[in-house]
Amino acid sequence: MYERFRVEADVAVNRANMLTRLWKYAGPEVMDSEYLLHAGVISMVEFDDDIFAAGNCYDQHQYKHYQLFCPYAYRLPKGEGILAKDLAVEYKYLTNASEWFFIARKTAESVIQRNNQYKHESKHIVVIR
């Protein structure tokens, strides 16, 4: 059962790793690009027909001037294409009804704490043992 979605899971992990590197090392001219973030979720959906939708939701006041920001792309019915939008405009994912975001945030915090052994030095990642 778990192998059925292995490729899709790898796509999500690779995208998360790429975004982590960008957040840590790229300048504001890169991270201020809403187009880059929307293009990222569109490409995830384009990559594999088994991926229906992809999103990258930020916590409150974590992206530019937005209260919430969530680039989201999904397939339109009958192969009519892919639509991208800011999901936060119509869905307030920090409310009590959105347990998925709370769980994801707590999981991310524990992963960050476990993997805090990386340090950035002059464009190289150095593993500290």
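User: Is Ala54 buried or exposed, and what is its relative accessible area?

Analyst: This is a predicted model, so every value here is computed from predicted atoms. Ala54 is found in strand S1. A residue counts as buried when its relative accessible area is under 20%, and Ala54 falls under that cut-off, which makes it buried, with a relative accessible area of 7%.

User: Along the sequence, what pattern of helices and strands does the protein chain follow?

Analyst: The secondary structure of the protein chain comes to four helices and five strands. Read along the sequence, these elements give the pattern α-α-α-β-β-β-α-β-β.

User: What share of the 129 residues in the protein chain is buried?

Analyst: Contacts give one view of the fold: among those between residues at least 6 apart in sequence, 44% join residues at least 24 apart. Burial gives another view, and of the 129 residues in the protein chain, the buried share is 22%.

User: How far apart are the end C-alpha atoms of H1, and what span should its 20 residues have?

Analyst: Helix H1 runs over residues 6–25. The expected span is 1.5 Å times one less than the number of residues, and for the 20 residues of H1 it comes to 28 Å, which agrees with the distance between its end C-alpha atoms, 28 Å.

User: Why are the buried residues of H1 said to be on the same side of the helix?

Analyst: The buried residues in H1 are Glu8, Val11, Leu19 and Leu22. Because they cover an arc of only 60° around the axis, they are on the same side of H1. What covers these buried residues includes helix H2, residues 28–31, and H3.

User: Which helix supplies the largest share of the lining of the largest cavity?

Analyst: Rolling a probe the size of a water molecule over the atoms shows where empty space is left. The structure holds one cavity of 30 Å³ or more, and about 50 Å³ of space lies in the largest cavity. Its lining consists of Arg15, Met18, Leu19, Leu36, Leu37, Gly40, Val41 and Asn56, which divide into five nonpolar, two polar and one charged. Helices H1 and H3 each supply at least two of the lining residues, and the largest share, four residues, comes from H3.

User: Where does Lys64 lie, and what is its phi?

Analyst: Lys64 lies in the loop between strand S1 (53–55) and strand S2 (71–75), and it is partly exposed, with a relative accessible area of 39%. Although Lys64 is not a glycine, its phi is positive, at about 45°.

User: Is Lys78 buried or exposed, and what is its relative accessible area?

Analyst: Lys78 is a residue other than glycine with a positive phi, near 60°. Its place is in the loop between S2 and strand S3 (82–86). A residue counts as exposed when its relative accessible area is over 50%, and Lys78 passes that cut-off, so it is exposed, with a relative accessible area of 80%.

Technical notes
Residues are numbered from 1 along each chain as its sequence is written. This is a predicted model: local features need pLDDT of at least 70, side-chain atom pairs count only at pLDDT 80 or more; totals for chains, interfaces and linings use all residues. Side-chain values use heavy atoms; hydrogens and water are left out. On a 1 Å grid over the protein atoms alone, a cavity is a set of points where a 1.4 Å probe fits but cannot get out, and a pocket is an open set with protein on both sides within 12 Å along at least five of seven lines; lining residues have an atom within 4 Å of a point. Grid points are joined across faces, edges and corners, and a volume is the space filled by probe spheres set on the points. Ala, Val, Leu, Ile, Met, Phe, Trp, Tyr, Cys and Pro count as nonpolar, Asp, Glu, Lys and Arg as charged, and the others, Gly among them, as polar. Buried means under 20% relative accessible area, exposed over 50%, partly exposed in between (1.4 Å probe, protein chains only). The arc is that of the directions from the helix axis to the C-beta atoms. Contact means heavy atoms within 4.5 Å.
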